[in-house]
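Let's take a walk through this one together. Have the viewer open and follow along.

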Amino acid sequence: MAVSDRITTADVVKVATLARLDLTPDETERLTAELDGMLEHFADMDALDLTHVQPMTQPYPLRNVFRADVVQPGLDRDEVLAAAPVAEDGRFRVPPIIGLDS
Amino acid sequence: MSDLAATPVTAAAIAAGVRDGSVKAVDVMEAHLARIAQREDEIHAFNLVLADEARAAAAAIDAAVAAGRDPGPLAGVPVALKDNMCTRGVPTTCSSKILAGWKPPYDATVVTKLAAAGAIAVGKTNLDEFAMGSSTENSAFGPTRNPLDISRVPGGSSGGSAAAVAAGFSAVSIGSDTGGSIRQPAALCGVVGVKPTYGYVSRYGLIAFASSLDQIGPFTTTVHDAALMLDVIGGHDPMDSTSIPAAQPSLVASLDRGVEGLRVGRITDLPDGADPDVLERLEAAFDALREAGATIVDVQVPAFANALTAYYLIAPAEASSNLARFDGVRFGLRVDAPDTNAMYSATRAAGFGPEVKRRIMLGTYALSAGYYDAYYGRALKVRRLIHDEFARAYQRAEVLLTPTSPTVAFPFGSKGDNPLAMYLCDLYTIPSNLAGHPGMSVPFGTGADGLPVGIQVLAGTLDEPTMFRVGAALERAAAHEGSAR
């Protein structure tokens, strides 16, 4: 498979780490080729002069959308925890975050 | 069965009959459940059918009518819900293994509003995993088939919702549209589909794909039903910070106003890609509106050509962020591992399908250091260009017409392994998501192989009333054309 100057398998491995996504070697190879094809397609933007264009992040600008500072009922804690893979003592249980050699 | 077959089809007729007592909600529901029993095995519109719950709700509606209580404007109307809308205590999967079995602790605002209006949920519909796709072939639970030709896709991502209405499994349904996911399947299944203005319908409880693009809307068999649905599900919701805090005029009231004097825009630089049979129907649509009294004017939207690129950078970027919440901690699947990072990565590898992984990777890449300005940053500027060019076009013409989909419904597997081939299905629907403008697909005759063609009506921000006037005129013209044949 041709290695492009746009994206390499090393880039894909790095991005997969950022995305917290284990990829098999086959997936890494296929995604490298697919992302390369897409980035090639996206080159149509290069012909546009965007120097004086402001980026647009949302279609309907609203500012400072706050509700009244009044206590509202929240979700039921037991119902929320019941949907978790593992819960204990009213909390979500996860594997160790620090302290392991890795 | 003869009684059941005689129950009304449209939401308007069902609700009117149930409200005045001439039609029983339980009979309407049995008619729909009978069609589900007959064809659901081959269609697979649903991830979950709620037959018992629907029967009980229908009986409760009839009891309310008998007791003289107002059963609501959608009394007894069977509705199917795309399975990315949260339903309290009822599994909600996004057609993903990562959420299989998860029961949300709350209802989406649309779900609450529909129930309060007397509509009855018959089930949760299949979709491309996390609404990423244009055929439902990306569902982790297998594809939905097009009720008009089961060798073909129903479109996507809301393919199950479109198929449910086309097959008569529900009178109406709810979908979400991030780049065309309501309008394209509506076109391919021969039903009406609407993506309202961004912020018109609350997104609270819609599991997010791309938050600045996602919008909820209806599938129906008539334009009138679509107006009725939006009159119920639209409106400001304090639970959605992007919900528009403005009054929304009744769309039902706008339907009969005709198109006399309206300017309908023809985009002279519409990107190539539509099949000749589809373009022929577009011309017929312009002719029909001209005959109904509208004026056709030419408009240019040069940045339309760059919409696909902007979309396929912005949507995956937002998706990569939104889907970070699926980490094996609070809901759904967990794959055990010695530390949290390994657990996240293993869980996500096992839970997400190939298209979702592809978009997470593309989005993470576009947002990563060194590439942000070149890809995501430039895409946001292209988005601005597209918005501004369309806003200018709506000063010259109240609405624009395009094909909804470049082609009629296509056979399973026909887009092959090239993701870009599938992305091109959204060519004509994407700009209104980027701009936040409303768009709707109205069935307008047939194209290749006798399959339906949808015409897309596009309008400016919050100009749903004019869009619906044009949609209703196209529907009248299509009916007239059909009866003249």
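Axes here are lines fitted to C-alpha atoms, for helices over the stretch in contact, with angles running from 0 to 180 degrees between N-to-C directions. Helices (H or I, at least four residues) and strands (E, at least two) are DSSP runs, numbered from the N terminus. What you're looking at is a predicted model, where local features need pLDDT of at least 70, side-chain atom pairs count only at pLDDT 80 or more, and totals for chains, interfaces and linings use all residues. Residues are numbered from 1 along each chain as its sequence is written, while chains are lettered from A and ligands numbered from 1 in the order in which they are written.

The axes of α1(A) and α12(B), residues 354–367 of chain B, come within 9 Å and cross at roughly 95°. That makes the pair roughly perpendicular, because the label covers 65 to 115 degrees. On the α1(A) side, V12(A), V15(A), A16(A) and L18(A) make the contact, and α12(B) answers with M361(B), T364(B) and Y365(B); being in contact means C-beta atoms, placed from the backbone, within 7 Å. Sorted by class, that's six nonpolar residues, one polar and no charged. (Ala, Val, Leu, Ile, Met, Phe, Trp, Tyr, Cys and Pro count as nonpolar, Asp, Glu, Lys and Arg as charged, and the others, Gly among them, as polar.)

Now zoom out to the whole interface. In total, 45 residues of chain A are in contact with 56 residues of chain B. On the chain A side, α1 (9–18), α2 (25–41) and α3 (77–82) each supply at least two residues, and α2(A) gives the largest share, six residues. The chain A side divides into 32 nonpolar, six polar and seven charged residues. The predictor gives the complex an ipTM of 0.93 and a pTM of 0.97.

What about chain B itself? Its secondary structure comes to 16 helices and eleven strands. Its radius of gyration, taken over C-alpha atoms, is 21 Å, close to the 23 Å that the globule rule (2.2 Å times the number of residues to the power 0.38) gives for 485 residues, so chain B is as compact as a globular protein of that length.

One last stop: A303(B), in the loop between β8 (295–299) and α10 (307–322) of chain B. A303(B) is buried, with 21 other C-beta atoms within 10 Å, where 20 or more is the cut-off. Leaving aside its neighbours within four places in sequence, A303(B) is in contact with V382(B), L385(B), I386(B) and E389(B).

Technical notes
Contact = placed C-beta atoms within 7 Å. Parallel < 35°, antiparallel > 145°, perpendicular 65-115°, else oblique. Buried ≥ 20, exposed ≤ 12 C-beta atoms within 10 Å, placed from the backbone.
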